[in-house]
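Have the viewer open as you read.

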Amino acid sequence: MLKKYRSHYRSNIKLAYPVVISQLGHTLVALSDSLIVGHKSSVALAAVSLGNAVFTVIMMIGIGISFGLTPLIAQENGRNNLDKTGKLLKNSLFINMLTSLFLCALTLTASHFLGYLGEPAEVVLLAQPFMNLLGISVIPLMLFLTFKQFAEGLGFTKQAMRISIIGNVLNIFLGITLVFGLFGFRSFGVIGVGISTLTDRTLMGLTMAIYVLCARRFKNYLVKFRAARLSFERIINILRIGVPVAMQYLFEVSAFTGAAIMVGWMGTNQLAAHQIALSLAAITYMMASGLSAAATIQTGHSFGKGDFLHLREFAISSYHLVFIFMGLTGLFFISLNHVLPLLYLHDLNVIRIASPLLVIAGLFQLFDGFQVVGLGILRGMSDVKVPTLITFIAYWVIGLPIGYVLGFNFHLGPNGIWIGLLLGLAFAAILLFKRFQWKSRQHL
C-alpha cells in the first residue's frame, strides 16, 4: 500500500506544507494575540478570547466564500482552459470585496451586542474596541484570500506561505510593542493586538495582490483578467461552491463559538481555560485544513481532467497523511496536558481546568482531521450541498445540544461541552468519508 501511494504522498506534502503554513497564519494571529495579552491578565485573555471567538465566525464566512474560486481554478487548469482562469479571478475579486464590506459592517454591529451574551462586564469592555479593529481588518484579509486562492488553485502554494510567515512575525513584534508600550510607544493593552492585526493584514493583502498581478509565472493565466467583464454566470458558479463552503465553516466555527459562550457562563477562569485548549486545537485543525486544501487542488485537477482513478488515489493518500499527523498531535496533547497551558499563563486555577480539556482535544484530533480532509476532497469534486447538511447536523443537532446537557444538566462543566463537540466531529468524519466513497466509485 505504501509503495502504491508513495508518489501521491510526496505530491500531497509538496502542495500541502506551504498551504499548512499559510492556513496556520490565520490561527497564529489569534494565538499570538492570546499569548501576548495572557501575560498581562486573565481578564485581557478572556477579552481576546471573546472577541476572536465571535470574529472567527464572521471571518470563516469570508474564507468560505473565497474558497469558491479554488476548485474552479483547479478544474479549468486540469482542462487546460487558461483563458477562463483570469475571468474567474476578476469575478471572484468583485464577490470578495463586496463580501468584505458586508462582513466589516457585521463585525462592527456585533461588537455592540457583546454585552448581551452574559459575559463578565470587564471582559466585554476590553473586547469591544479589539473586535472593531478586527472588523476593519477583514477588508484587506479578503483581498489577500482572493489572490491566495487563485494561486493555490493553480498549484502555486509557496507564495502565500512566505507572505504569511513575514506577516505573523510582524504581527507578534507589533503586538508585543503596543501591548506593553516598548520602544517609546505607550501601552495600548488589548487594543494593541488589534492594531497589530489590522496592520499585518493590510500589508499581506497588498503584497499578495501585487505579486500575483506582476509575477511572470501567472502571466498566461491572467491574459483575460483586465479585459474580463463581470459575468452573472461565473458569479453564480463561484457562489454555488463558495456559499455552501462558507456555511460549512459557519456551522463548525459557530458551534465552537457557542461552546465558548456557554463556557463563559461558567466563569472567567473557565473561559480562559477553554481559550487555551481551543487555540491549541485550532493550530492542528489549520494544519489539517492545509492537507484538505491540497486535496481540493489535487482532486479538482483530476476531476477536471476526468481522471477518476488518480482522484481516488490522491484522496486516499490525503486520509493516510491526516491520520498520521492528527494521531501524533493527539498523543502530544494528552501527554503534555499539564504543561501546555503554561505557555499562556501561570494561574493554577485556569491550568487545572484546561488540562482535562486538552485530553479531550487530543481524543478528537483524528475525527477533526478526517472531517476536514473529507470536506476538501468533496469540494474538489464540486460536491458541497450534502456535506453542508452533514456539518449542520454534526454540530448543531448533535455537538452543541449534547454538550449543553453534559455540561449543565450533568454538571460536567467545560469537559461536558467538549465531549459534545467530540461526538459531533465523529459523526461528521464518518458520514463525509462514506460520501466520498460513494461519489468517487460512481465515476469508476
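1. Start with the contacts. Take the pairs in the protein chain that touch and sit at least 6 residues apart in sequence: 83% of them join residues at least 24 apart. Keep in mind that this is a predicted model.

2. What is the chain built from? There are 14 helices and 0 strands, so the radius of gyration is worth a look: at 21 Å it is close to the 22 Å that the globule rule gives for 444 residues, and the chain is as compact as a globular protein of that length. Along the principal axes, the C-alpha atoms fill a box of roughly 60 × 50 × 35 Å.

3. Of the 444 residues, 61% count as buried. The chain exposes about 17,300 Å², with carbon and sulfur atoms supplying 70% of that area. As for charge, there are 32 positive and 14 negative ones, and their mean positions lie 11 Å apart.

4. Which residues pair up in salt bridges? The structure holds 3 of these bridges, and R435 with D383 makes one of them, at 2.8 Å from N to O. R435 belongs to helix α14 and D383 to the loop between α12 and α13, so this pair ties together parts that are 52 residues apart in sequence. Both R435 and D383 are buried.

5. Another bridge joins K148 and E152, whose closest N and O atoms are 3.1 Å apart. These two sit 4 residues apart in helix α5 (residues 121-153), which means about one helical turn separates them. K148 is buried at 1% relative accessibility, and E152 is buried too, with a relative accessible area of 1%.

6. R79 and E76 also form a salt bridge, with 3.5 Å between the closest N and O atoms. R79 is partly exposed, at 37% relative accessibility, whereas E76 is buried, at 14%.

7. Side chains of opposite charge can pair when their charged atoms come close. R201, though, is buried and has no salt bridge; D200, the nearest side chain of opposite charge, is 5.3 Å away. R201 is part of helix α7 (residues 190-214). What does R201 touch, leaving aside its neighbours within four places in sequence? Its contacts are V29, F55, M59, L134, S137, P140 and L141.

8. V29 turns up again beside N168. N168 and V29 are 139 residues apart in sequence, yet their C-alpha atoms are 6.6 Å apart in space. N168 is in helix α6 (residues 158-180) and is buried, with a relative accessible area of 8%.

9. K385 is in helix α13. Is K385 buried or exposed? It is exposed, with a relative accessible area of 63%.

10. Last, check two backbone angles. S382 is not a glycine, but has a positive phi of about 60 degrees. You'll find S382 in the loop between α12 (365-380) and α13 (385-409), partly exposed at 34% relative accessible area. H411 likewise has a positive phi, near 60 degrees, without being a glycine. H411 lies in the loop between α13 and α14 (414-442), and counts as exposed at 69% relative accessibility.

Technical notes. Residues numbered from 1 in each chain as written. Predicted model: local features only at pLDDT ≥ 70, side-chain atom pairs only at ≥ 80, totals over all residues. Heavy atoms only, no water. Rg over C-alpha atoms; globule rule 2.2 N^0.38 Å. Buried < 20%, exposed > 50% of the residue type's maximum accessible area, 1.4 Å probe, protein only. Contact = heavy atoms within 4.5 Å. Areas by Shrake-Rupley, 256 points an atom, 1.4 Å probe, with all protein chains shown as cover. Lys, Arg positive; Asp, Glu negative; His and termini not counted. Charge placed at Lys NZ, Arg CZ, Asp CG, Glu CD. Salt bridge = Lys/Arg side-chain N within 4 Å of Asp/Glu carboxyl O.
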